[in-house]
Amino acid sequence: MRIPAHSVCTAIRDDIVSGVHERGGRLTEELLARRYGVSRVPVREALRTLEAEGFVVTRRHAGACVAEPTEQEGADLLEMRLLLEPLGALRAAQRRTEAHLKVLRGLVRLGQERARQGHGDDLRSLGGWFHETLAQASGSPALTSTLIRLRHKIGWMYEVRGTRDPVECWTEHGAIVDAVVRGDGERARAVMALHTERATAAHRLRFTAGAERADRAERVRNSQHPVNTASLRH
């Protein structure tokens with residue numbers, strides 16, 4: 001596929017999050033440049049950015065590789081989100097623009113409609129769009145970029161399991177937006193804190209230390225060539 005050079009970082013990050021580039025796998029500039037249809041220069045710059053974000057590590061004798069964060073790092077990410085999402089909602093209530101409110105209202109209407117109709121496939125992307133817009137409404141570029149990066153990394157490390165009612169989830173989104181519209185920062189913070197806490201309870205690590213060791217052992221076994229036992233008997 002061919003993408004604009006300035007979008008290389010986003011494309012590589014998205015492929016890491018979706019599992020196209022496996023945890024621990026090498027990321028060679030030549031192969032990445034070929035995959036995304038760009039020169040090696042934007043690929044090199046993208047890898048530096050992704051290393052700063054924690055998606056990539058540089059290893060001796062191997063070069064750039066997909067990071068393999070620990071369970072503790074994953075738990076820290078969830079804790080950070082529990083602290084920062086409510087702060088973002090508080091700031092959004094104080095600093096939002098009419099443009100932000102228009103988008104947030106539209107997303108809530110669409111999300112609640114899709115939830116009632118049972119369109120689960122749409123809700124994940126709508127939820128991501130909602131939270132990113134709310135982060136942007138905080139009026140703090142640093143907080144916005146941190147929250148968006150947290151969501152990407154949590155989406156990479158965790159899957160959401162559970163039977164949480166999507167209608168209830170989007171009702172909470174609506175309550176957050178109502179508080180933001182009224183400029184009630186404390187109400188927005190409190191509702192977002194509850195919403196984030198409930199969402200966090202449904203997160204389960206995609207990889208645990210034991211599961212990863214077993215997966216690697218299985219890959220090693222599958223990669224071994226069978227021994228020609230017939231020749232050994234003679």
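Analyst: Thr144 has a relative accessibility of 11% and therefore counts as buried, where buried means under 20% relative accessible area, exposed over 50% and partly exposed in between, with a 1.4 Å probe and protein chains only. The model is a predicted one, in which local features need pLDDT of at least 70 and side-chain atom pairs count only at pLDDT 80 or more, while totals for chains, interfaces and linings use all residues. Residues are numbered from 1 along each chain as its sequence is written, and side-chain values use heavy atoms, with hydrogens and water left out.

Thr144 lies in helix α7, residues 141-157; helices are DSSP runs of H or I with at least four residues, strands are runs of E with at least two, and both are numbered from the N terminus. The side chain of Thr144 reaches the backbone oxygen of Ala135 at 2.7 Å. When residues up to four places away in sequence are not counted, Thr144 touches Ala135, Gln136 and Ser138, contact meaning heavy atoms within 4.5 Å.

The axes of α4 and α7 come within 10 Å and cross at roughly 145°; axes are lines fitted to C-alpha atoms, for helices over the stretch in contact, and angles run from 0 to 180 degrees between N-to-C directions. The crossing of α4 past α7 is left-handed, a term used if the near helix is turned anticlockwise from the far one by less than a right angle, right-handed being used if clockwise. On the α4 side, the residues that meet α7 include Leu77, Met80, Leu84 and Arg91; on the α7 side, Leu143, Leu147, Leu150 and Ile154 are among them. The residues of this contact of α4 with α7 divide into ten nonpolar, three polar and five charged. Here Ala, Val, Leu, Ile, Met, Phe, Trp, Tyr, Cys and Pro count as nonpolar, Asp, Glu, Lys and Arg as charged, and the others, Gly among them, as polar.

Helix α4, residues 71-95, also packs with helix α9, residues 185-200, at an angle of about 150° and with the axes 8 Å apart. That angle makes α4 roughly antiparallel to α9, since angles over 145 degrees count as roughly antiparallel, under 35 as roughly parallel, 65 to 115 as roughly perpendicular and the rest as oblique. The crossing of α4 and α9 is right-handed.

Notes:
Polar contact = N/O pair within 3.5 Å; in protein donor to acceptor, adjacent residues only side chain to side chain.
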